Amino acid sequence: MAEVWLRSYEAALPGVVRPHTDDAVRAWFRTVVVPERETWVADAGGEIAGMMVLHGAREPDQLHLAPERRGQGLGDHFVALAKERRPGGPALWTFQVNRPAQRFHRRHGFRERFRTDGPDNEEREPDVRYAWLPEGRSTGSGGVS
């Protein structure tokens, strides 16, 4: 999972500086992600082609695909699973520079709620908050529709 994360990050965010070394990312997956969070992987002939980590009541904490596996429907399956596992409506963050991820989330019915200049993420990178709500639910006031 960590290897997919590292390769995906490099491919999708080449201009974003990672605050942790490769070894630190691997250790985080080994000691925190796998034992403490709900993790899902897409298997392709014994290789991990993609992964999703769910954390908390609403968060798809991580959704990454091996770069060569993009555009094959794996992300669609992961989003459907996130909606099923978080029926109250999953919400997530993505960096503002990651326009392909923003298009992907909008295509799946996620709506932009707000943007920040990145003070709360380790990369200090401007980001966007997206949320998906089931039919008939409303966020009330605020946010961008």
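Guide: Glu3 forms a salt bridge with Arg26, and their closest N and O atoms are 2.4 Å apart. A salt bridge here is a side-chain nitrogen of Lys or Arg within 4 Å of a carboxyl oxygen of Asp or Glu. The pair links distant parts of the chain, with Glu3 in helix α1 and Arg26 in helix α2, 23 residues apart.

Visitor: Before we go on, what kind of model is this?
Guide: This is a predicted model, in which local features need pLDDT of at least 70, side-chain atom pairs count only at pLDDT 80 or more, and totals for chains, interfaces and linings use all residues. Residues are numbered from 1 along each chain as its sequence is written, and side-chain values use heavy atoms, with hydrogens and water left out.

Visitor: And what counts as a helix or a strand?
Guide: Both are DSSP runs numbered from the N terminus: helices are H or I with at least four residues, strands are E with at least two.

Visitor: How many salt bridges does the structure hold?
Guide: It holds nine salt bridges. One of them joins Glu68 and Arg7, with the closest N and O atoms 2.4 Å apart. Glu68 is in the loop between β3 (59–65) and α3 (74–85), while Arg7 is in helix α1, 61 residues apart. Glu68 is partly exposed at 48% relative accessibility, and Arg7 is partly exposed at 38%.

Visitor: What does Asp76 pair with?
Guide: Its side chain meets that of Arg107 in a salt bridge, at 3.4 Å from N to O. Asp76 lies in helix α3 and Arg107 in helix α4 (residues 99–107), so the pair ties together parts 31 residues apart in sequence. Asp76 is partly exposed, with a relative accessible area of 32%, whereas Arg107 counts as exposed at 56%.

Visitor: Which residues do shared partners join into one network?
Guide: Glu3, Asp23 and Arg26 are joined that way.

Visitor: New topic. How far does α2 reach?
Guide: Helix α2 covers residues 22–36, 15 residues in total, and reaches 20 Å from its first C-alpha to its last. That is close to the 21 Å expected at 1.5 Å a residue, where the expected span is 1.5 Å times one less than the number of residues.

Visitor: Where is its kink centred?
Guide: The kink in α2 is centred on Phe29 and is about 40 degrees. The bend at a residue is the angle between axes fitted to the seven residues ending there and the seven starting there.

Visitor: Which residues of α2 are buried?
Guide: Val25, Phe29 and Val33. The buried residues of α2 pack against α1 (2–12), β1 and β2. An α-helix has 3.6 residues a turn, so residues three or four places apart point the same way.

Visitor: How do β1 and β2 pair?
Guide: Strand β1 (residues 38–44) and strand β2 (residues 47–55) pair in the antiparallel sense over seven bridges. Two strands pair if DSSP finds at least two bridges between them. Val41 has Met51 in β2 as its bridge partner. The two strands form a hairpin with two residues between them, and Gly45 in the turn has a positive phi of about 65 degrees.

How values were computed. Buried means under 20% relative accessible area, exposed over 50%, partly exposed in between (1.4 Å probe, protein chains only). Contact means heavy atoms within 4.5 Å.
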